[in-house]
Amino acid sequence: MRQLTAYQTFRLVIWMAIASAIAFALMTSARSPLLQWRDPIYQLASFAGIGALVLMIFQPLSAVGFVPGFSQRAGRRIHFFLGVAVVALVIVHVGALWVTSPPDVIDALLFVSPTQFSIWGVGAMWAIFGAALVTILRRSLSFRYRTWSRLHVALVSVAVAGTVVHIALIDGLIETVAKIAICVVVVGTLLVSLVRRRRRT
Amino acid sequence: MKNPVLSRRHMLAAAGGIVVASSSRLTVPAQAAGLAPTRTMRGGANNYRPGAPIVDRIGGGGFTMTGRVRRAGDGMLLSGQRIQMWAHTTEGHERDADSHGATLTDANGEFTMDMPQIVPAFGQAHGHLAYDSGEFKTVFLRPVMASSRDTSLHVEFVLEPA
């Protein structure tokens, strides 16, 4: 068997940790007792949110070429498609919650919700939309690469922070320990990618 | 010469007294007239259905919603007041008609409703209650359970004449 270098071993351990955190979060949410008291549309809303959260782990990694087995260029393509998927899942999450309970979602969108986590969630949503929008408009607004890049990174950082607080405060499908693990992974992958990006530029 | 009436010590004591009084609610104008009315909570009216019927229990029961209704000012217990409640429970969503029911307060101004177990929805295990009969100002409450495993919830209504 081929001997792994220390760096390769380290990367393997990190990837296994990421995979376990995701599997743990998906498993506990799929087995959550709360599911039995939710309509299919509310279940869809719940899992769309969790799906977006999971994809947010891969977004910074694919942006800086950390996805194993893919070239930097292929990584960028993955990043683009995952980005579209995150935006779509957020829209499904909010839309399906709207169908479940319109007044609660209207309160959240207007930032007058009684629950703190809705405010963080809606903030994260706008940051995600903003990050996508500056990318779509990059050419037409003739942003310099650096300006766009800084804006995009600032917006996704806000999105990650908002998402983590949103999840931490919610009494939802993901079990507490799994919730902490996946939040650590989401923040960790963003930070590692930010460091990597800084070294490169 | 030293001023015997307004020494620094007196000033400090007076200032300290003001700080203590203001922070310890010794002087709260709103309470000077007695019991303050309960304010409608944010999101309290969400999924409200006017005119929910008076029922013995909502669904199969198992969870106890209790409360007390008093009049603002003198704190008199109010009997015969209609209180309506709804929640996301093991038996239905907030918007479902079957999740809604009302009851009347007894001679002690208290009410009890047997309803299905409240479960977390929209991130929090919470209930909704309303006083909407018109004699007093309408109040919507949205109490949150300390733990989603709680099997009861208690609320206080202090109503203000309309």
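Trainee: What covers the buried residues of H5(A)?

Mentor: First, the terms. This is a predicted model: local features need pLDDT of at least 70, side-chain atom pairs count only at pLDDT 80 or more, and totals for chains, interfaces and linings use all residues. Residues are numbered from 1 along each chain as its sequence is written, while chains are lettered from A and ligands numbered from 1 in the order in which they are written. A residue is buried if 20 or more other C-beta atoms, placed from the backbone, lie within 10 Å of its own. Helices are DSSP runs of H or I with at least four residues, strands are E runs of at least two, and both are numbered from the N terminus. Now the case: the cover of H5(A) includes helix H3 (72–100), helix H4 (102–109) and helix H6 (145–169) of chain A.

Trainee: Which residues of H5(A) are buried?

Mentor: Start with the general idea. An α-helix has 3.6 residues a turn, so residues three or four places apart point the same way. Here the buried residues include A:Phe117, A:Trp120, A:Ala124 and A:Ile128.

Trainee: What span should helix H5 of chain A have?

Mentor: Take 1.5 Å times one less than its number of residues. H5 (residues 116–136) has 21 residues, so it should span 30 Å; its end C-alpha atoms are 31 Å apart, which agrees.

Trainee: How many helices and strands does each chain have?

Mentor: Chain A has seven helices and zero strands. Chain B has two helices and seven strands, in the order α-α-β-β-β-β-β-β-β.

Trainee: What share of each chain is buried?

Mentor: In chain A, 36% of the 201 residues. In chain B, 34% of the 162 residues.

Note on methods. Buried ≥ 20, exposed ≤ 12 C-beta atoms within 10 Å, placed from the backbone. Contact = placed C-beta atoms within 7 Å.
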